[in-house]
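Subject: Structure for you to look at

Hello,

I am handing over the structure we spoke about, and my notes follow it. Please read them with the model open.

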Amino acid sequence: MQGGERPRVSEQRIWKDPLPPSLFPPHSPQLQAAAPPPPGGSRGAAGPPGGATPSQCGRRPVWRLRGRGERDWAEPGPGPELRRRRRRRRRRVMDRFVWTNGLLEINETLVIQQRGVRIYDGEEKIKFDAGVLLLSTHRLIWRDQKNHDCCIAIPLSQIVFIEEQAAGIGKSAKIVIHLHPASSNKDPGPFQSSKSSYIKLSFKEHGQIEPGRIRAVGIVGIERKLEEKRKETDKNISEAFEDLSKLMVKAKEMVELSKSIANKIKDKQGDITEDETIRFKSYLLSMGIANPVTRETHGSGTHYHMQLAKQLAGILQVPLEERGGIMSLTEVYCLVNRARGMELLSPEDLVNACKMLEALKLPLRLRIFDSGVMVIELQSHNEEEMLASALETVSEKGSLTSEEFAKLVGMSVLLAKERLLLAEKMGHLCRDDSVEGLRFYPNLFMTQS
Amino acid sequence: MLRPRPARGFLPVPGTPRPSPVPEVLRRAPEVRSKRFRFPWVTMATSFEWPWQYRFPPFFTLQPNVDTRQKQLAAWCSLVLSFCRLHRQSSMTVMEAQESPLFNNNKLQRKLPMESIQIVLEELRKKGNLEWLDKNKSSFLIMWRRPEEWGKLIYQWVSKSGQNNSVFTFYELTNGDDTEDEEFHGLDEATLLRALQALQLEHKAEIITVSDGRGVKFF
C-alpha cells in the first residue's frame, strides 16, 4: 500500500501533526523488511505465543534516552510526577501501528486468523471496525474486511502484556493489549498520537481465546461451563438411579419372600395365628398382591376382565341380534364406549375381555378369521348356515362382488368379504380376479364334470 | 386332386428300385394347405369346440383353493393339448401362446396371466406332453400324445405288418404310403424322434443314420 491511499479519518490527524512529513517516508515492503521493528520489550512482554521469536535488534539509543520503560504502565495508579510526565507527552498507542500491505515476510508465518475484530484505542471506539485480525510470528495485523487495502500492523515486540475481558450483556469479549510506547522514527501509521497505552480488540464472533490460554472466560468459557454442568447432571442422575436399581433388587427379594410365606401359609395353616395371617395378608395387599393363592399369570383371568366380559355380554345382546348375529370388533368398541360415556375402555382391555367370553360360557364368542379380522358373534350363530345361504344368493345372481353381496344381505362389506372368502375356502365358490374387480362365482369346477 | 399313384407293390420294370417318394410339397394334408400355416387357428377357429370352462370367467384366474386349482389346471392341460392337436401345432413360443385365442378369450375379455400360463406349461411338462426347446423356456414342443404312446403305436404297426428287423427312414414312417391309415401319419419330425428315442430306451428300436437322413431299425 502506498502512502497516498490512506483512509480519511487518519488523514486529518496526520495533517494536524506538527512533526514534519519528511520524518515519515512512504511505506514500502522493502523498507519494512529492511528496518526491523522497534525493540520489543523482552522484559515483561508476553511475546508471540506461537513460540517464534521476532527479529529484534537492541534498544535504540533514542528510545533509551527518553527513559521509557515499564514504569509507565506497570503502576496501578500514577503518581503526580508521572501524571505530569504523561501530560507532557501524550501516550501513543495507536501510533504503534504501521500501515502495511498485509503480506508476510520471508520468515514470517501465520499463526492464527480471526474475523470480526474491532480495535479500540484505549477505551475509545475508533473507526477500525469489522476487520480480520491475523496473528503472525512477527506481527499482529489488522485488515479491514470491507476495504482490503486498509491494513495495519503492530510488531509483536511492542506487546507487553495481554489480558482478557469477558463478554457481558451488550458487550463482546475483548482482549486488552498493553503496548510499549512507540519510537519516534518508526514508519508512519494510522495515528500519530493516542491517549492510552493499551488497545482493545473486540471479538464479535468469538475467537478471543489465544492459543495456549485455557482460562474459562468468554463465550467459549460459558459453553464449557454448560457442558460441565450437563456432565454433572448426568452423573447425578445415574447415581440416583443406582439407588433405585438397588431398591428394585430389594423389592424383588421382598416379593419372593412374601410369596414363599404365602405358600407356607397355604400348606401349614396351624403354624401361625389368625391375626398374624390377616396382618400378613394386609401387607401383601399394600404391596399389590391381592390374593397370592389364586393369582394367575398376568394378562389372563384377571377379575376386571371377567367382570367386563359379563358386562359386554349384557350390552351386546340386542345390537348383535339386530345385525344378524355378527359384529366386527371395531364396531363393538365404538358401541361400548359410546354407551359408557365415561370410564372408556382401552382396546387392549376389550380384546382381553372378549377372549374370556367363551371360557365364561357367555352367549357370545370371539372369532378370528384367517385374515386377522376379529368378530363377536352369538353362540347361536352358525357360520355354515350362513355359508349355505351365501352360496344360494351367489348362484341366484350368477356372480357377486363383496359390495353387492353386502348390500343384498344387509351387512358390512368387511364381514361380507370374510364370508365369501370363507365360502371359497370351503370350496363352494370360486373367484374371478380381473381389472373389473374380484367377483365370486359358484364353484362349477367341482360341480360340473 | 392328387396325382395318381402307382398301386402298392407295382414296379414298372422289375429290378429297378422303388421310385422315390413324391416330394412333400405336393403331398400335404388338405387341412394345412392354407398359406398361413403359422397361425392355422385363424382358419380353423370355428371348427374347434371350446369346452365350457373357456366361457367361465374364473377359469382365467388361478384359484387359491387347492382342490379347485387342481381341477382348473387339469382342464387347462386338456384344452391346450386338444387345441394343439387340432391345429397341428407341435412347437410354439410362449409369446405366440400368450397372444393366441387359447389363453385369450376376447369375448369374455379375460386373459390368463403370464404366471398362470407358466404354471400350466409346467404342469404339461410334468405330465410328459411338453418339452422346452431352449434354456430360456421361450419355446416349447407340445405333443398331444406322449412320446411313449407314439412309440408304442409305431411299434404295434411294425409288428403287425411283420416288418421287424427292417429299416425305415423317418420320412417313410410319417409320410410313407404304408402308414397312411395310421394315426402317426403326418407326425412331425421332432415328436417322431422322441417317440423313437423312447422305443430305443426300451430296446425295441435303434436310430441310425442313412444316406439322406435318419432312419430306424426295429427289432
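How many salt bridges does the rule find across the interface of chain A and chain B? The rule finds 2. Please keep in mind that this is a predicted model. In one salt bridge, Asp432(A) pairs with Arg110(B), and their closest N and O atoms are 2.7 Å apart. Between chain A and chain B there are also 8 residue pairs in polar contact, counting pairs with both residues at pLDDT 80 or more.

On the side of chain A that touches chain B, the elements that give two or more residues are helix 13, strand 14 (429-434), strand 15 (437-442) and helix 14 (444-447) of chain A. Strand 14 of chain A gives the most, with 5 residues. By type, the residues on this side of chain A divide into 7 nonpolar, 5 polar and 6 charged.

Now the extent of the interface. In terms of contacts, 18 residues of chain A meet 15 residues of chain B. The size of an interface is often given as the accessible area lost when the parts come together. For chain A and chain B the buried area is about 1,400 Å², and carbon and sulfur atoms give 63% of it. Arg431(A), Phe445(A) and Met446(A) supply 43% of the area that chain A buries against chain B, more than any other three residues.

Thr393(A) belongs to helix 11 (residues 383-397) of chain A. Its relative accessibility is 19%, so Thr393(A) counts as buried, the cut-off being under 20%. The side chain of Thr393(A) reaches the backbone oxygen of Ser389(A) at 2.6 Å. Neighbours within four places in sequence aside, Thr393(A) is in contact with Leu400(A), Phe405(A) and Leu408(A).

Phe405(A) is also one of the buried residues of helix 12 (residues 402-409) of chain A, together with Ser402(A) and Ala406(A). Seen down the axis of helix 12 of chain A, these buried residues fall within an arc of 100 degrees, so they line one face of the helix. What covers them includes helix 11, strand 13 (400-401) and helix 13 (413-426) of chain A. After helix 12 of chain A comes Gly410(A), which has a positive phi, near 85 degrees.

Regards

Notes. Residues are numbered from 1 along each chain as its sequence is written. Chains are lettered from A and ligands numbered from 1 in the order in which they are written. This is a predicted model: local features need pLDDT of at least 70, side-chain atom pairs count only at pLDDT 80 or more; totals for chains, interfaces and linings use all residues. Side-chain values use heavy atoms; hydrogens and water are left out. Helices (H or I, at least four residues) and strands (E, at least two) are DSSP runs, numbered from the N terminus. Buried means under 20% relative accessible area, exposed over 50%, partly exposed in between (1.4 Å probe, protein chains only). A polar contact is a pair of N or O atoms within 3.5 Å; within protein, one must be able to donate a hydrogen and the other to accept it, and residues adjacent in sequence count only if both atoms are side-chain atoms. Contact means heavy atoms within 4.5 Å. The arc is that of the directions from the helix axis to the C-beta atoms. Buried area is the accessible area (1.4 Å probe) that two parts lose on being put together, summed over both. A salt bridge is a side-chain nitrogen of Lys or Arg within 4 Å of a carboxyl oxygen of Asp or Glu. Ala, Val, Leu, Ile, Met, Phe, Trp, Tyr, Cys and Pro count as nonpolar, Asp, Glu, Lys and Arg as charged, and the others, Gly among them, as polar.
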